[in-house]
Amino acid sequence: MVWEELRFQALLRHADDRLVLGHRLSEWCGHGPTLEEDIALSNVALDLLGQAKVIFEQSIKTDLKKRSVDDLIYFREIRGYRNVILVEQPNGDFACTILRQYFFDVFNRLWLNSLQSSIDKDLSSFARSALKEAIYHERHTKSWVVRLGDGTKESNERIQEAVSVFYPLSYEFFAQDEIDQKVFSKGLLPNTACFENVWKEEVALTLLEATLQFPKRTSTQMLRGREGRHTEHLDRILSEMQSLARAHPGASW
Amino acid sequence: MTEASRQFDFEGRIARDEKIEPNDWMPSRYRRQLVRMISQHAHSEVVGMLPEGNWITRAPSLRRKISLLAKVQDEAGHGLYLYGAAETLGAEREDLINRLLGGDARYSSIFNYPSVTWGDVGVIGWLVDQAAMVNQTMLTKCSYGPYARAMIQICKEENFHKRQGMEIMAVLSAGTSAQRAMAQDALDRWWWPTLMMFGPPDEESPHSSELIGWKVKMKSNDELRQWFVDLAVPQAEALDLQIPDPELVRDSKTGHWISGPINWDEFRSILEGEGPCNRERIESRRESHFGGAWVREAARAYEEKCRKKKALERESL
Ligand SMILES: [Fe+2]
Ligand SMILES: [Fe+2]
């Protein structure tokens with residue numbers, strides 16, 4: 001693979017994570033458990049979509065097919081999407097959404113923190129501003145993980161269930177292939193393997209504080225979102241998200 | 001002070017355009033009417049999130065997705081701000097919400113219409129937010145301080161929403177023939193319901209004269225409706241869209257645009273709960289509110305645990 005394509009593919013992964021997760025969170029808008037939380041979830045969704053936008057814009061600089069950001073979002077087939085499986089999972093209840101988000105927020109904070117030292121000036125300055133958002137998101141979701149874990153019996157059971165379903169999906173954050181290794185060795189993007197242990201330790205501490213049990217099963221090696229092998233959930237997301245744009249090919253909005 | 005002299009004092013303050021603040025004496029009817037109005041307004045902001053929220057996941061470009069989500073989020077903020085204003089009058093948010101969910105409180109009739117195309121997102125921003133802005137601009141001068149101040153803040157955002165909606169309409173109107181048809185169809189469906197947003201004609205408006213006397217409302221329903229029509233007609237022209245009112249004419253003496261007759265039967269059946277989406281809107285709010293009860297319960301329980309822990313720590317010191 002030529003460098004341009006490697007760079008494009010590597011950035012696409014992180015843009016897709018944020019697009020798909022931002023889309024999922026936006027499904028809560030108008031349906032939150034309180035007005036305050038409705039606003040907070042939309043805030044996170046807006047930040048993630050904003051981060052996706054910047055990363056997409058960076059990625060297309062080396063897209064050999066010269067696609068626009070909206071072409072990538074609205075006219076790419078499911079097999080071309082490169083997000084981790086975790087972010088395409090349905091929202092479920094508030095506990096599921098919060099836990100999924102917390103796992104991503106910790107990863108995002110570590111990733112952005114490390115991205116600040118990218119050799120690419122645009123990416124490093126993006127990382128500096130996005131890191132502030134990620135720290136804020138993590139503080140918010142962490143406080144909810146603790147509140148739900150150590151709240152009532154019902155809330156504890158709900159978020160405990162989310163832990164056992166979502167924890168095994170988290171390994172995908174750190175799984176690496178040739179693309180990741182090459183962009184890392186060039187100093188473009190962080191080496192995610194480096195912060196796998198930090199992620200695990202921090203998450204374990206939060207689970208402890210939230211009086212939650214560590215899950216029995218911690219990894220599912222079957223999932224390959226980074227290779228475009230998705231669950232049916234992403235198909236549903238795309239058929240909804242792309243429906244209007246695809247009904248009017250060539251139109252501008 | 002006797003009741004009569006308090007009343008006299010209150011009326012004097014209204015006459016001098018002084019603002020009434022939460023801790024000031026006010027007639028209990030003034031308080032009740034304000035709680036009714038402000039909570040209806042808050043409910044409208046929150047229920048109003050639903051028709052547009054319906055399109056966030058299908059917005060046709062990333063830019064539109066982000067701006068629509070931000071817009072609907074703004075409405076949640078308006079709701080929160082307004083519930084806060086109602087609380088300054090001694091009402092409780094939980095009670096107000098329960099009245100809405102129990103079907104005992106009203107919200108704007110407009111949100112009982114379905115939003116079925118992207119054109120509806122444009123037209124809601126352009127017309128519905130603009131109608132809200134006309135109403136709220138008047139309310140910035142309202143005699144109750146907290147309500148007037150909430151309106152100043154909210155109006156700024158509604159103006160932004162209106163501009164965003166007009167821009168969506170302008171792009172559709174200048175787009176493909178299918179997009180143009182989408183824009184015109186949306187205008188055809190939303191024009192009359194928007195005119196009804198200002199409420200029944202003055203001769204049938206039950207609360208109007210009292211509210212105007214207290215300077216809670218500064219203009220009548222028909223005056224506000226006229227103000228809106230005069231704004232919207234030239235905008236439709238600029239957008240190259242046709243307002244679905246064959247009788248619409250300009251009065252050459254006053255310069256006002258005069259609409260044809262409004263179908264008030266339709267308005268009354270919406271208020272009686274027979275609109276196309278009345279049931280769904282309340283059902284959706286009920287699902288979110290009752291479905292979120294365990295979350296609010298957990299937050300309360302956790303807070304309680306923390307309080308107890310702190311108290312224990314203090315004792316052991
Ligand atoms: Fe609003
Ligand atoms: Fe608005």
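**Figure 1. Salt bridge between Glu77(A) and Arg246(A) in the predicted model.** Residues are numbered from 1 along each chain as its sequence is written, chains are lettered from A and ligands numbered from 1 in the order in which they are written, and side-chain values use heavy atoms, leaving out hydrogens and water.

**Figure 2. Salt bridge between Asp17(A) and Arg226(A).** The closest N and O atoms of this pair are 3.0 Å apart. The pair links distant parts of the chain, 209 residues apart: Asp17(A) lies in helix H1 (residues 3–26) of chain A, and Arg226(A) in the loop between helix H9 (196–209) and helix H10 (232–241). Helices are DSSP runs (H or I, at least four residues), numbered from the N terminus. Asp17(A) is buried, with a relative accessible area of 0%, and Arg226(A) also counts as buried, at 10%.

**Figure 3. The site of the iron ion (ligand 2) in chain B.** Glu75(B) (OE), Asp129(B) (OD), Glu158(B) (OE) and His161(B) (ND1) are the protein donors, 1.9 to 2.2 Å from the ion. Donors are N, O and S atoms within 2.8 Å of the metal (3.2 Å for Na, K and Ca); water is not among the atoms, so sites may look incomplete. Glu75(B) coordinates both this ion and the iron ion (ligand 1), the two ions being 3.5 Å apart. Asp129(B) belongs to helix H6 (residues 118–139) and Glu158(B) to helix H7 (residues 145–173) of chain B, so the pair ties together parts 29 residues apart in sequence. Both Asp129(B) and Glu158(B) are buried.

**Figure 4. The interface of chain B and chain A.** Here 44 residues of chain B are in contact with 47 residues of chain A (heavy atoms within 4.5 Å). The rule finds two salt bridges across the interface. Glu36(A) and Arg93(B) meet through their side chains in a salt bridge, at 2.4 Å from N to O. On the side of chain B that touches chain A, H4(B) gives the most, with 13 residues.

Technical notes
This is a predicted model: local features need pLDDT of at least 70, side-chain atom pairs count only at pLDDT 80 or more; totals for chains, interfaces and linings use all residues. Helices (H or I, at least four residues) and strands (E, at least two) are DSSP runs, numbered from the N terminus. Buried means under 20% relative accessible area, exposed over 50%, partly exposed in between (1.4 Å probe, protein chains only). A salt bridge is a side-chain nitrogen of Lys or Arg within 4 Å of a carboxyl oxygen of Asp or Glu.
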